[in-house]
Amino acid sequence: MALFRRGTAGKPGEWYYCLKHARVEEGPECRAADRMGPYASREEAAHAMETARERNVEWENDSRWTDKGSSGS
């Protein structure tokens, strides 16, 4: 018996965006490392990549995470 299983984690009714297959999936279809989520709805999961891009732009411009806007040392 294996100590650690390489299974899929998730539950039916949870929505994910699979990076490997570039599609929305319900529940545990692909490995957790290959997907984003869970999302509350199919619609949210379908926009996962757009949401990630928007958040990346926000974080890149957030003075708490960049040297922009810091008073310097």
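This is a predicted model: local features need pLDDT of at least 70, side-chain atom pairs count only at pLDDT 80 or more; totals for chains, interfaces and linings use all residues.
Student: Which charged end sits over the ring of Tyr16?

Tutor: That is Arg35: its charged end lies 4.1 Å from the centre of the Tyr16 ring.

Student: Let's step back to the whole chain. Which elements does the protein chain have, from the N terminus on?

Tutor: Read them in order and you get β-β-β-α-α. In other words, the protein chain has three strands and two helices. Of its 73 residues, 21% count as buried. The accessible surface is about 6,000 Å², and carbon and sulfur atoms account for 50% of that.

Student: In what order do the strands lie in the sheet?

Tutor: The order in the sheet is β2-β1-β3; the sheet is open and the pairing is antiparallel. The edge strands, each pairing on one side only, are β2 (23-26) and β3 (35-39). On average, neighbouring strands of this sheet are turned by 25° against each other, ignoring direction.

Student: How many bridges join β1 to β2, and how many join β1 to β3?

Tutor: Four bridges join β1 to β2, while β1 (residues 15-18) pairs with β3 over three bridges. Both pairings are antiparallel. You can find partners residue by residue: Trp15 has Glu26 as its bridge partner in β2, and Cys18 has Arg35 as its partner in β3. Tyr17 stands opposite Met36 in β3.

Student: Which helix packs on the sheet?

Tutor: Helix α2 (residues 48-60) does, touching β1 and β3, and its direction makes about 100° with that of β3.

Student: Now the loops. Why does Asp34 count as buried?

Tutor: The cut-off for buried is under 20% relative accessible area. Asp34 has a relative accessible area of 16%, so Asp34 is buried. Asp34 lies in the loop between β2 and β3. Leaving aside residues up to four places away in sequence, Asp34 touches Tyr17, Cys18, Leu19 and Lys20.

Student: And why does Ala22 count as exposed?

Tutor: Here the cut-off is over 50%. The relative accessible area of Ala22 is 52%, so Ala22 is exposed. Ala22 is found in the loop between β1 and β2, and the hairpin of these strands has four residues between them.

Student: How should I read backbone angles and peptide bonds?

Tutor: Most residues other than glycine have a negative phi, and most peptide bonds are trans. Ala22 has a positive phi of about 50° although it is not a glycine.

Student: Which peptide bond is cis?

Tutor: Look at the bond from Gly37 to Pro38: that peptide bond is cis, with omega near 15°.

Definitions and conventions:
Residues are numbered from 1 along each chain as its sequence is written. Side-chain values use heavy atoms; hydrogens and water are left out. Buried means under 20% relative accessible area, exposed over 50%, partly exposed in between (1.4 Å probe, protein chains only). Accessible areas come from the Shrake-Rupley method with a 1.4 Å probe; for residues, only the protein chains shown count as cover. A charge sits over a ring if NZ of Lys or CZ of Arg is within 6 Å of the ring centre and within 35 degrees of the ring normal. Two strands pair if DSSP finds at least two bridges between them. Axes are lines fitted to C-alpha atoms, for helices over the stretch in contact, and angles run from 0 to 180 degrees between N-to-C directions. Contact means heavy atoms within 4.5 Å.
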